[in-house]
Amino acid sequence: MAPELALVATAVALPFVASGATPLVYRLVGARTGYFGAAVAIACFALAGSQLGRRGAVGVPWVPSMDVSLRFYVDGWAVLFALLASAIGALVFVYSASYMADEHTLARYYATLLAFMGSILGVAFAADLLAVFLFWELTSLCSFVLIGHHTDEADSRYAARMAMIVTVGGGLFLLVGIAFLSIAATEALGARSFDLAAMLANADAMESSLRELGLFVPTLAVVAVAAGAKSAQVPLHFWLPNAMAAPTPVSAFLHSATMVKVGVYFVGRLRPLLGGDEWMVLFATVGLATMTAGAALAVVATDIKELLAYSTASHLGLMVAGFGFQSVYGAEAGAFHLFNHALFKAALFLVAGIVAHEVGTRRLAGLSGLWRDLPVTAAVAGVTGLSMAGIPPFSGFYSKELLFEAAYEAAHAAGGLAWLYPAVAVFASVLTVLYSLRLLAIFVGERPGAVASVHRPSAALVAPPAVLGVATAVVSVAPQLAVDAVVEAAIGATAAESPDVHVGLPTHLTPPVAMSAVTIVAGAAAYPVLGRLQRAIGAVVGATPIARPNWWYDRLLSGTEAAGPRVARTVHNGLLRTYVVWVLAAASALALAGYAATTGLVPAVEGVRVTPGITLVLLVAVVAAVAVVSAPSHVVGVLALSILGFMVAIFYILASAPDLALTQLVVETLVLLIFLLVLEQLPAFYADTDRLVAARDAVLSVVVGATAFLTVMLASPDIGAEPTAIARFYATEAVPAGGGTNVVNVILVDFRGFDTLGELFVVSIAAMSVVVLIAMRNRGETR
Amino acid sequence: MKTTARIMVPIILVLAISLLLQGHNLPGGGFIAGVLTTVAFALVYVAYGLDYLDAGVLGRDVEPGRGIFEHRSVTAFRRTFILGLAIAVASGLGALAFDEPFLSQTFVIVESIPIYHEIEVASALAFDLGVYCVVVGVLLTILSVVGAE
């Protein structure tokens, strides 16, 4: 059944509209704006849910001449992602209403959060690659504002900037990938197109077209970088832990259902298109590496949110690895784990927020026995934490089991080194069990005396994680229910073959079941020696700063910051003549390079006929030019310059270009007048001429002159040649179409009116710049 | 200088306006007319100073001691180029009302007018008027602000 355009478009547009209305709503209801956001999110949830089970593309044209349209593609995968984002969005809004109640910039916070949710829904439903890119970058932009919510804290600004640079940088790679796909579509679909739905429908043709063009591996690589940056895959994972500087509800939203899942979502989306051996090697390896590194770093984390952030990276690695494996189990693992992880990780982040809010610290060390004071929170943490660890019969177990199955299948099929896949997966899972137990340890046992008093959290704070905890519990008890409802359709959209998914507790011993058993036993056995393990991992991490991407990021940033002023001092040194040198040299170099690349630098000179009159005028002009340079005083120089200008005007008249001549004359007069104005102000003596500077200026003038000469020679048509089609069109159509016999003017105001309008704006901007520059100088603004 | 300006400025202004109006069929147009008008104003400016336009021609009082940016003439110049941009864009938008693409132009020939017999009215003239206003406003703004330095 085809999806309803109106419903899908409303689901995407509603959060943006609401975002625009947020400041107004905030003025009316204040901190309770969170409930307004929740209502919007629930409406989006309902709209997205109404499309469940539908499949197909709908849209309206946007830029028809470029075949860009606002197209939406609906299938199980898109609906699953949209449902998760809006559902968890609603809970986060409710939670924010009480968690953020004391903050000041709430209007901005809620407006950005709504726009962020809208961007996520946009990514989920967009069927046009350019629209995907647009929404993709919008999520980066919104997350920048959200992570940097505490604008007065250096940490927060640092984290926001890092997230922005990494994810927007990744977005640029996506843009390159989109260009590649669109080039391949020229052959596969018959026309240059950005239509993702059509590409997915013709996946085989697209793949062979990409391979033919030699673009398959490059496309794969840039898409991997884009998704890796967004989904915090090694080695671009480092922004995610820093992003915990954001307010806790934002972290819950960012890390569970939205920002970081966008990369995974896109990997799943392109899996039918780009799947192959290269795909598996790339994504399975990167995913498992991230899974291991994230889990190891989570084990040594000292802060609850830090632990959860690294754990998010690890679980994203699991999903990417799942999609990397080619068997249908891989798609099952990726899609089902995306669903499970969204539920339990959002709940755990909200729990971390409650602990920080009520206990006053997020440090893992020294916390224990919180179940006495926070019983409901502890119960939620228990269910979701065990699910994160992958302990049966909790929900995370089923999806991890599917990953083990996919890894085992891949190793069994390929043999050799591929056996590393299941081995690494098991190792990373052991670490996962370890850090999950470490997290749960803060709730069990006796409360230490150091923790003074624990407040009771309000119902509005506990309800959202409780809802997620109940949802996790339901999926744990009856996983088949969730699979049948939403997950199976999603798997179908990301896998080549149609799936037949059955999940449940194992009834007999298979290799994946054995792997799970090993994981749990080893994790439980290693827990008593956790301290020693932490020291060992910490020593490895601490001993090799050069291996940490964060170190490289800082070096790159400080290097850029230091290089900026150095370049500025050279180019932008406050002397007008330096600016002129740079501008003229750059313009000449670019123009000459352009000629060299296209038509060649040597113009064809033949049959140049010059009348004696023109020769005489030009000779006078040359003499005047020499006089300008060697003039003893400014007055003589200006007058000589005017002679030069008027000679050019006369040349135009002789060459039958009255319009140009008129313009030249008028402009020349104006220039002369302006010179008369400023002549008295010019100093009579500047300085002794530096030979080097003089030589540089001479070379530059020769180059500029040569460039202008070449431009004229290359641009003017041969004397004997027929006028081009465009010239003929202008000459013949000027009177019937434009109603004017002055062809130049008709071109300016009629045929090429748009160009003229653009020039008008340029001229106006120049005037404004002059006014602003002089006004600023008078105000004496310094740094 | 002042005598020359007295004689020249009216001639230049009339010439500029004729160039603007005839631009569609004979050499001329908004840009040239604009620059020429600027020349006329610049001549007044060089000969009499910026305040003359206010005090001498329009008979208004000039408040001394205020910055160049608050000067009445400069404000007027700035308004001129904003008006020009508005005219140009509006003339382009006008085409949309007739279901034509933005900025498309047309013309009508009005018959039986005394003396001229027939006059061609081109919609492009409105656009050219916008060009004229922008050029005059921009050049005079720059000239007066930089000149005041």
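Predicted model: local features only at pLDDT ≥ 70, side-chain atom pairs only at ≥ 80, totals over all residues.
**Entry: salt bridges**

I began with the charged side chains. Opposite charges on side chains can pair when the charged atoms come close. My count over all chains came to seven salt bridges, and I followed up a few of them.

I went to R211(A) first. Its side chain meets that of E207(A) in a salt bridge, at 3.2 Å from N to O. How far apart are R211(A) and E207(A) in helix 8 of chain A? They are four residues apart in that helix, which spans residues 203–213, so about one helical turn separates them. R211(A), with 38%, is partly exposed.

R211(A) has another partner. A salt bridge joins its side chain to that of E278(A), with 3.0 Å from N to O. This pair links distant parts of the chain, as R211(A) is in helix 8 and E278(A) is in helix 13 (residues 277–299) of chain A, 67 residues apart. For E278(A) I noted a relative accessible area of 28%, which means partly exposed.

Next came R362(A), which forms a salt bridge with D303(A); their closest N and O atoms are 3.2 Å apart. Where do R362(A) and D303(A) lie in chain A? R362(A) is in the loop between helix 15 (328–359) and helix 16 (375–389), and D303(A) is in the loop between helix 13 and helix 14 (304–324), so the pair ties together parts that are 59 residues apart in sequence. R362(A) is partly exposed at 24% relative accessible area, whereas D303(A) counts as buried at 13% relative accessibility.

I then checked for shared partners. E207(A), R211(A) and E278(A) are joined into one network by salt bridges that share partners.

**Entry: aromatic pairs**

Are Y109(A) and Y110(A) buried or exposed? Both Y109(A) and Y110(A) are buried.

I also opened the pair of F651(A) and Y652(A), which is tilted: 6.0 Å centre to centre, with 50 degrees between the planes. F651(A) counts as partly exposed at 26% relative accessibility, and Y652(A) counts as partly exposed at 22%.

Which residues do ring pairs link into a cluster with W77(A)? I wrote down F81(A), Y265(A) and F323(A).

**Entry: chain B**

Of its 149 residues, 40% are buried.

I looked at sequence separation too: among contacts in chain B between residues at least 6 apart in sequence, 56% join residues at least 24 apart. For the surface, I noted that chain B exposes about 7800 Å², with carbon and sulfur atoms supplying 67% of it.

How values were computed
Residues numbered from 1 in each chain as written. Chains lettered and ligands numbered in written order. Heavy atoms only, no water. Buried < 20%, exposed > 50% of the residue type's maximum accessible area, 1.4 Å probe, protein only. Phe/Tyr/Trp six-rings, centres within 6.5 Å; stacked < 30°, edge-to-face > 60°. Salt bridge = Lys/Arg side-chain N within 4 Å of Asp/Glu carboxyl O. Helix = DSSP H or I, 4+ residues; strand = E, 2+ residues; numbered from the N terminus. Contact = heavy atoms within 4.5 Å. Areas by Shrake-Rupley, 256 points an atom, 1.4 Å probe, with all protein chains shown as cover.
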